[in-house]
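Please look over the sequence and the structure before reading on.

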Amino acid sequence: MATVAQDVSFAQKLDQLARVAIEVGLGLTRGQELLMTAPLDAVALVRRITEHAYRAGASLVTTLYTDDETTLMRYHYAPDEAFDKAAGWLYDGMGAAFRSGSARLAISGAHPGLLSKEDPGKVGRANQAVSKAYRPALELITRHEINWTIVAAATPPWAAAMFPEDDPETATQKLWDAIFAITRINSEDPVADWKSHDAGLHRRAEQMNAKRYAALHYRGPGTDFRLGLADDHLWMGGGTTAANGVYCVPNMPTEEIFTTPHKDRADGLVTASKPLSYQGTMIEGIRVRFEKGRIVEAHATRGLEVLEKLISTDEGARRLGEVALVPHSSPIAASGLTFFNTLFDENAASHIALGQAYTNCLKDGDKLTPEELAARGANDSLIHVDWMIGSDKLDIDGITASGSAEPVMRGGEWV
Ligand code: ZN
Ligand code: ZN
């Protein structure tokens, strides 16, 4: 393991983050185009990434920026009928870029509560219009047709949400420090560190696949919960080879290994270990009881109404579509911070997700019909919402097909 290098300037760290994004995150190849999206506040990182992309042989780098203030102007001044509109031509163009072999990089750094004071009806309609217009292009990403990744940049509005007591400059610096530490930039050779971290995630997933557990049993404060795994489930984690043959690590950071639970086989009580930030609202103290896969009782100390609305979205919204294991010693958990950003928060602790399952976490899942997927236990829903249940007090057993229990995690760490 490389040791922490001292006296590395901010500019050098930013440059290392860009290098890791291109070399490890994307694995960008010579002659490949790159399509990047970023908040305007992330322009310094965009410039570093652009240089590394061209040095790696990119033929063309195109960046699309978003800006909070101009986004808000639509909500303040546009006519009501405007909110069902999305830039379809833009998403068609993104799809065309992906189909012609362009790589995709997203810089995450959004203001977590940007639209929290706007009319929820308008927000919902605008989101829906974008989802519809973006779906064909997004499917190429979720099916891993091309190499893609997401990295984060500290932006002042995001930092202000995390560190409300600090002045904007201090808050942004604190968030950058956290991003550098968690994204494994603070070492002498971040690229080598990432490669060994990625190999570790693959090893972990393979170990769990070899076990072929029928279920997991969780025990911790307020939690006594048995979760069946889908038939022919596959644990996944770390990087993946896209259909274009390029190996990429889609999320930076990534600490989880995850698979598909059986939608009808969750029983018992689960208490969340962290608040859930959902569309600008905080849901705290979540405690739910499952019976045969369904939530039959839901409690929250704050935001219960939002939680109830969420699980009433459709039948699949009160069932589980993902189970992920993250050790409590992961760098995100160690930071003790809540990021209000899924890329970070879902990699901070073991979690489960309400809603849609990942079909690539089932053997030959991409070739199965919706009926075959359902028969194996894969859940179907419009939502996919991760919530954290991991802590240093959580014990997890693997239950074998014959019903015997083996320790998987103790005190939140791998056994
Ligand atoms: Zn996850
Ligand atoms: Zn998830």
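This is a predicted model: local features need pLDDT of at least 70, side-chain atom pairs count only at pLDDT 80 or more; totals for chains, interfaces and linings use all residues.

Residues are numbered from 1 along each chain as its sequence is written, chains are lettered from A and ligands numbered from 1 in the order in which they are written, and side-chain values use heavy atoms, with hydrogens and water left out.

Domain 1 covers 10-182, while domain 2 is made of 211-234 + 257-414; these bounds come from an automatic or database domain assignment. Taken over C-alpha atoms, the centres of domain 1 and domain 2 lie 27 Å apart. In contact, meaning heavy atoms within 4.5 Å, are 15 residues of domain 1 and 12 residues of domain 2.

The two domains bury about 1,100 Å² between them, with 74% of it on carbon and sulfur atoms. Buried area is the accessible area (1.4 Å probe) that two parts lose on being put together, summed over both. On the domain 1 side, W158, M162 and I182 supply 44% of the area buried against domain 2, more than any other three residues.

Which elements give two or more residues to the side of domain 1 that touches domain 2? They are β4 (148-152), α6 (156-162) and α7 (168-182); helices (H or I, at least four residues) and strands (E, at least two) are DSSP runs, numbered from the N terminus. The largest share, four residues, comes from α7.

**The whole protein and some local details**

Stepping back, the protein has 12 helices and 21 strands. Its radius of gyration is 21 Å, close to the 22 Å that the globule rule gives for 415 residues, so the protein is as compact as a globular protein of that length. That radius is taken over C-alpha atoms, and the globule rule is 2.2 Å times the number of residues to the power 0.38.

A search of the whole structure finds 24 salt bridges. One salt bridge joins R19 and E23, whose closest N and O atoms are 3.3 Å apart. Because R19 and E23 are four residues apart in helix α1 (residues 10-26), about one helical turn separates them.

Two loops are also worth a visit. The peptide bond from M252 to P253 is cis, with omega near 10°, and P253 sits in the loop between β9 (247-248) and β10 (257-259). F340, although not a glycine, has a positive phi of about 55°; F340 is in the loop between α10 (331-335) and α11 (342-345).

Conventions:
A salt bridge is a side-chain nitrogen of Lys or Arg within 4 Å of a carboxyl oxygen of Asp or Glu.
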